[in-house]
Amino acid sequence: MSRQPACNAMGVRLAGTGISVPQRVLTNDDLAKMVQTSDDWITQRTGIKERRIADEGTTVRDLARDALVQAIQNAGIEPRQIDLLLCATLTPEMCCPSTAARLVAELGATPAGAMDLSAACSGFVYALNIAAGMIQARTHQTVAIVGVETLSRITDYNDRRMCILFGDGAGAAIVTASDDPGQGCVYQSMHSDGSLWHELYCPRTEADLPEDHDSFSGTFNTLQMNGREVYKFAVTTLRRMIDEALQAAGVTLQDLAMIIPHQSNKRILESARDRLGLPPDKMIINIDRYGNTSAASVPLCLHEQIELGRLKTGDLVLFVAIGGGMTWATSLWRL
């Protein structure tokens, strides 16, 4: 089990954040012209009103680079100070080289280490935990993280079950060593259950299909999901993750300044928020404006809250995400 309080041998600071989203907005009314759906149908089931879609000439690397440039500027560092770059994505440009390696070169951060991290919607939280652990272990001083997706590239826009859900975007953070040992990640967890892979997957060939693939849309290299099962898994897992994190860290909901969750479904998040008795500003929801952006959703929320001045040094913030794989992760931070 990976649910262990993180060692605070050295403090860790979220030094700066940044985002990049495509200019093109795809609304529910736009989708209603493409498939049999409506704004009411989509809103009631997902809470999504619009999502951003990358133009043909915009790559996942373009979005990631722009988000990282903003995060670097906000952190007040130079690219050459970066020791490692982690790119969380399930839509990399190529399998080789990694998107992360090309980003290091374009940013002027060579010879920083670089790796792509694939944990679907949990990717950014996974990367945040890894970065914190490396800095706390004193092997790295500055780690750049970006969660980025061009999910439109693997979405079948003839499949109304799936095309309503996803959007493109990027969110980045710069994590650095801090002289304050009480600052940083105070608890983290990372989990998976590969036996549930067939509930959310992207098949390349017929060999990738599960035995029971009656719901397969018929289009390879596009996302396939058993929405009912994923919904049930997310509802039960989200509440358990929050409870486990609070108990392990010895804190209460009242101690938290905010919970920043992956934006999977507004109904799931609002239900969890109501059961926990939290006001809207304590569990952030912005899926209505961006859709499900997978690994980009948590950093998009984080950056917006920082820009709005709703987070300050010393605040206790819980990041939580659930994604395909299935994967799930938490990261509790003292900012």
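**Notebook: a walk through the predicted model**

I started at Q23, which is exposed, with a relative accessible area of 77%. Exposed means over 50% relative accessible area, buried under 20%, and partly exposed in between, using a 1.4 Å probe and protein chains only. Q23 sits in the loop between β1 and β2 (25-27). I also checked R52, 29 residues away from Q23 along the chain. The C-alpha atoms of Q23 and R52 are 6.8 Å apart.

I noted the ground rules. This is a predicted model, where local features need pLDDT of at least 70, side-chain atom pairs count only at pLDDT 80 or more, and totals for chains, interfaces and linings use all residues. Residues are numbered from 1 along each chain as its sequence is written, and side-chain values use heavy atoms, with hydrogens and water left out.

**Confidence**

I looked up pLDDT, the predictor's confidence in each residue, from 0 to 100. The protein's mean is 94, and 97% of its residues reach 70 or more. Over residues 1-8, pLDDT stays under 50. For that stretch the model has 26 contacts beyond four places in sequence. A contact means heavy atoms within 4.5 Å.

**Strands around β7**

Helices (H or I, at least four residues) and strands (E, at least two) are DSSP runs, numbered from the N terminus. Two strands pair if DSSP finds at least two bridges between them. Is strand β7 (residues 168-178) mostly covered or mostly open? I found it mostly covered, with 10 of its 11 residues buried. Strand β1 (residues 11-20) pairs with β7 in the antiparallel sense, over nine bridges. There, S20 is opposite A170. Strand β6 (residues 142-150) also pairs with β7 in the antiparallel sense, over nine bridges. Here E149 is opposite G169.

Next I followed β4 (residues 84-88) and β5 (residues 113-117), which pair in the parallel sense over five bridges. L85 stands opposite A114 in β5. Between β4 and β5 the chain passes through helix α4 (residues 99-107), and this β-α-β crossover is right-handed. Right-handed means that, with the strands pointing away from the viewer, the path from the first strand over the helix to the second runs clockwise.

**An open sheet**

In what order do the four strands of the open sheet come? I read β8-β13-β12-β11, with mixed pairing. The edge strands, β8 (184-192) and β11 (258-261), each pair on one side only. Neighbouring strands are turned by 10 degrees against each other on average, direction ignored. β11 and β12 run parallel, joined by four bridges. I259 faces L318 in β12 across this pair. α7 packs on the sheet and touches β8, β11, β12 and β13. The direction of α7 makes about 145 degrees with that of β12. Axes are lines fitted to C-alpha atoms, for helices over the stretch in contact, and angles run from 0 to 180 degrees between N-to-C directions.

**Cores**

A nonpolar core is a set of buried Ala, Val, Leu, Ile, Met, Phe, Trp, Tyr and Cys residues joined through side-chain atoms within 4.5 Å. The largest one has 42 residues. L238, I242, L253, L256, I259 and I322 touch the most other members. α7 (227-249) and β12 (316-323) are among the elements that each supply at least two residues. α7 gives the largest share, seven residues. I then picked L238, setting aside its neighbours within four places in sequence. L238 is in contact with I268, L269, A272, V320 and I322. Another core lies apart, with 33 residues, including L84, Y126, A132 and I260.
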